[in-house]
Amino acid sequence: MIRTLMGGGGGNGGGGGMSAERLEDAAPSWEALAAKLDTASTDDERAFRQDLESGRAARACSLASQRLFDLPDGEAPRLTLFRDTAAWCPYCEKVWLVLEEKRVPYEVKKVNMNCYGDKPAWFWAIQPSGGIPVAKLDGQVIRESNDIIMAVEEAFPDRPLLPQGDPRVRPLLSLERELFSAWFRWLTSSASEGAQRANFEALLRRVDGELAASGGPYFLGADLSLVDCMFAPFLERMAASLPYYKALTLRRNDGWPRIEQWFLAMESRPSYRHVQSDFYTHVHDLPPQIGRCQSVPEAEELAAEIDGSDGSWSLPLPEDDGSLLQPLQGLGAGADAARREAAERLLHNHEAIGRFAARGLSAPGFPPVAAELSDPNAAPAEEALPVVDALLRHTTHALLDGEGDAGAAALSPDTLSGGIEPRAAAASLGYLRDRISVPRDMSYPAARQLRAHLNGVIEGVGAKAAAAAAAAS
């Protein structure tokens, strides 16, 4: 379904008419775009790649291969975290969040989930079940997420997350499992729809009540604890999946105001803010992991908003006035910063991204994998690469020119390159748009901007071709 949304994403083989010989390349060069980004960036943004490489960035990042925090120079981290490449796994997320909150130095090794690829032989050697996450702490392999968390809490007693002797902890963790079970049963079943909804909403009221009783904003009061880290991955996935499949919103719902306050408190933290995903990623990463999710007809409008098929991924994007299904207000990223982040990701890896987008112009890979939007065995349409590259440069140009007249001009038919077949542009850029994953590739605000600007280029190429056809008739 997603491959056909908004005119993109389906492979058609043979380059889809994307002949480099017909290309009239009018896009700025990557060098010119890099200079434009550098001029617009803040000092922190310019230092992003250096900070990432050093392991001492101020915030979490899915791209990091190491996080050193206050570890003295020359010392190696005691812990290695083996987590999934796409950052889909909720059990990896809670370990990741604990490490970030405790500022435990760690290295990262990424492996595929079974639903989108194969695991290397070296990983099977340390984890015979293939399950993730896995950690190696002081040489000891730990194979379950909760065991990893408790081992970390014991080995790194600074910044404790588990208050000793607090009688609220065990009942709250039991409530988290009860809420998870009710959500999972309802999401994957169409039986007893009304009863399951009522049961889940009653559990949400209990969760909201516990947050109220603590004084908030966290489950044990003013300070984040291990309880919050355990609730976070699945409350996040509930907030994404239930509007899409069951027409129930968790965010900005007056029925459970303390849950919204909890989300905002979590999003204020540089750990969780940069670890959490977005609604679109989750609603499409869940079925490959847990099986088919069952929808109700009342959810169609909300699902269209999350998928962008209602026009919500179109420029100009609205500001968050309190009506967005997935809030932006707590994320601390303005539209200009989000566009620069998206542009930086394209600039840094444009050759590989171009090859990835060109898969949309070739046949699907074989054998397929369980995740609909993963296609690890696909090959790009090589002959289309120069045209796809030009389209990505136009996208980056529009991101950097921002809102207003300059941004509109960057996407106008007069500015865009000629000789590009609209359906082929939609297939390649649509393939990329539908596979932008948060937080693997970038933050939610940046992904939102990039998806909309890819659509802007698709629309502009179509308008240019239509104008040319009209002039020729």
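Me: Which residues in helix 13 meet which residues in helix 18?

Reply: This is a predicted model, in which local features need pLDDT of at least 70, side-chain atom pairs count only at pLDDT 80 or more, and totals for chains, interfaces and linings use all residues. Residues are numbered from 1 along each chain as its sequence is written, and side-chain values use heavy atoms, with hydrogens and water left out. Helices are DSSP runs (H or I, at least four residues), numbered from the N terminus; contact means heavy atoms within 4.5 Å. From helix 13, Ala335, Ala338, Arg339, Glu341, Ala342 and Leu346 meet Pro445, Ala446, Gln449, Leu450 and His453 of helix 18. By class these residues are seven nonpolar, two polar and two charged (Ala, Val, Leu, Ile, Met, Phe, Trp, Tyr, Cys and Pro count as nonpolar, Asp, Glu, Lys and Arg as charged, the others, Gly among them, as polar).

Me: At what angle do helix 13 and helix 18 pack?

Reply: Two packed helices are described by the angle between their axes and the distance between the axes. Axes are lines fitted to C-alpha atoms over the stretch in contact, and angles run from 0 to 180 degrees between N-to-C directions. Here helix 13 (residues 335-348) and helix 18 (residues 444-472) have axes 8 Å apart, at an angle of about 75 degrees. Helix 13 is therefore roughly perpendicular to helix 18 (65 to 115 degrees).

Me: Is Gln449 buried or exposed?

Reply: Buried means under 20% relative accessible area, exposed over 50%, and partly exposed in between (1.4 Å probe, protein chains only). Gln449 has 5% relative accessibility, so this residue counts as buried. Leaving out residues up to four places away in sequence, Gln449 touches Leu317, Ala335, Ala338, Arg339 and Leu399.

Me: How many residues of helix 17 are buried?

Reply: Ten of its twelve are buried, so helix 17 is largely enclosed by the rest of the structure. The buried residues of helix 17 pack against helix 14 (350-357), helix 15 (385-401) and helix 18.

Me: Which residues touch the most other members of the largest nonpolar core?

Reply: In soluble globular proteins, nonpolar side chains tend to be buried together. A nonpolar core is a set of buried Ala, Val, Leu, Ile, Met, Phe, Trp, Tyr and Cys residues joined through side-chain atoms within 4.5 Å. The largest has 76 residues, and Phe200, Leu250 and Trp262 touch the most other members. Helix 9 (residues 226-246) gives the most to this core, with 14 residues. Another core, of 47 residues, lies apart from it and includes Leu331, Ala390, Ile420 and Met442.

Technical notes
Helix = DSSP H or I, 4+ residues; strand = E, 2+ residues; numbered from the N terminus. Parallel < 35°, antiparallel > 145°, perpendicular 65-115°, else oblique.
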